Amino acid sequence: MKYLTVIVIGGCLLLSSAAISEESVKGAGIEGNRYIGVMVSSPQYKEDDSNTDFRSAGLLVRGGMEFNEFLAVEGQFGLFGEDVVNDRSYQIEYLLSIYARGNLPLLDSRTRLFALAGVTHFSGNVPGFSSVDETTIGYGIGLELYADEQNALTLEWLRHAVGDIHNVDYKLESASLGFVHRF
C-alpha cells in the first residue's frame with residue numbers, strides 16, 4: 001500500500017508538471033515548451049590503444065519537450081561523413097540519442113547553460129571491426145543564447161559514447177553549433 005501511494009503521488013506530480021509546463025517556461029522569458037533544432041557537428045572517434053583518431057562533418061537534428069524551466073527530455077538524430085586515415089576509411093553512419101536535460105538560467109532569462117545525460121546508439125564502419133553497432137551512455141554540456149522568445153543559437157559538447165569494441169576502448173564525442181526554435 002505504501003509503494004502504491006508513492007507511485008500514485010509521483011505520477012500525479014509528473015502529469016501536473018507537464019500540464020503547467022507552458023506557463024513555467026513562459027515565465028522564464030522564453031515561449032513554448034517544445035523545441036526543434038539543427039546542429040552542424042564535428043564528431044571525433046578515438047581509440048585509446050592506437051593512433052586511430054578521425055573526424056568528419058555531420059548534421060544533428062534535435063527535438064525536445066520541457067516539463068518546466070529546469071527539466072526536459074531531448075532526442076537527437078545525426079548523420080555524418082567519412083574520413084580517411086592512413087588509407088583506411090572510417091564513418092559513423094548514424095547516431096540516435098535520448099537524453100534527460102537539466103537547464104540552468106544564467107545572467108538573464110535568455111542565456112541558459114544545460115547538461116545532458118542519456119543513452120546513445122550509433123552505427124559505423126571502423127577498419128578491423130567491419131561494421132559497429134553500439135548502445136552506450138552519453139552526456140554533455142551546452143549553452144543557449146536566445147535572440148528572442150523563440151529562437152536561440154546553441155553551442156554544445158557531447159560525449160556520445162564511451163565503450164569497448166572487441167577489447168579496444170573508444171570515445172565518440174563532438175562539438176556542435178546550432179539553432180533551436182521553440183513552439
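**Strand pairing**

I started with β1, which pairs with strand β10 (residues 168-182) in the antiparallel sense over 13 bridges. Strands here are DSSP runs of E, at least two residues long; helices are runs of H or I, at least four residues long; both are numbered from the N terminus. I took two strands as paired if DSSP finds at least two bridges between them. S42 stands opposite A175 in β10.

The model is predicted, so I used local features only at pLDDT of at least 70 and side-chain atom pairs only at pLDDT 80 or more, while totals for chains, interfaces and linings use all residues. Residues are numbered from 1 along each chain as its sequence is written, and side-chain values use heavy atoms, with hydrogens and water left out.

Next I looked up the other partners of β1. Strand β1 (residues 34-47) runs antiparallel to strand β3 (residues 58-66), with 8 bridges. There, S41 faces G58. Strand β2 (residues 53-55) also pairs with β1 in the antiparallel sense, over 3 bridges. K46 sits opposite D53 in that pairing.

**Whole chain**

I counted 2 helices and 10 strands. The order along the sequence is α-α-β-β-β-β-β-β-β-β-β-β. Of the 183 residues, 40% are buried. Buried means under 20% relative accessible area, exposed over 50%, and partly exposed in between (1.4 Å probe, protein chains only). The accessible surface comes to about 9,500 Å², and 64% of this belongs to carbon and sulfur atoms. Areas come from the Shrake-Rupley method with a 1.4 Å probe; for residues, only the protein chains shown count as cover.

I then checked contacts, meaning heavy atoms within 4.5 Å. Among those with a separation of 6 or more, 56% join residues 24 or more positions apart.

**Salt bridges**

I searched the whole structure and found 9 salt bridges. The criterion is a side-chain nitrogen of Lys or Arg within 4 Å of a carboxyl oxygen of Asp or Glu. R62 and E156 meet at 2.2 Å, N to O. R62 is in strand β3 and E156 in strand β9, 94 residues apart. Both R62 and E156 are buried.

E66 bridges to R112, with the closest N and O atoms 2.6 Å apart. E66 lies in strand β3 and R112 in strand β7 (residues 111-126), 46 residues apart. E66 and R112 are both buried.

R101 and E144 meet at 2.7 Å, N to O. R101 lies in strand β6 and E144 in strand β8, so this pair ties together parts 43 residues apart in sequence. R101 and E144 are buried too. Salt bridges with shared partners join R62, E66, E74, R101, R112, E144, E156 and R182 into one network.

**N103**

I looked up N103 in strand β6. N103 counts as buried because its relative accessibility is 5%. Its side chain makes a polar contact with the side chain of R101 at 2.8 Å. Leaving aside neighbours within four places in sequence, N103 touches residues including E66, F70 and R112.

**Surface patch**

I found a nonpolar surface patch of about 680 Å², made by V73, I98, V119, I137, Y139, I141, W157 and V162. β8 gives the most, with 3 residues. I98 is in strand β6 (residues 88-106). I98 counts as partly exposed because its relative accessibility is 48%.

Notes:
Patches are made of residues with over 30% relative accessible area and no salt bridge: like charges are joined within 9 Å, nonpolar side chains (Val, Leu, Ile, Met, Phe, Trp, Tyr) within 5 Å. A polar contact is a pair of N or O atoms within 3.5 Å; within protein, one must be able to donate a hydrogen and the other to accept it, and residues adjacent in sequence count only if both atoms are side-chain atoms.
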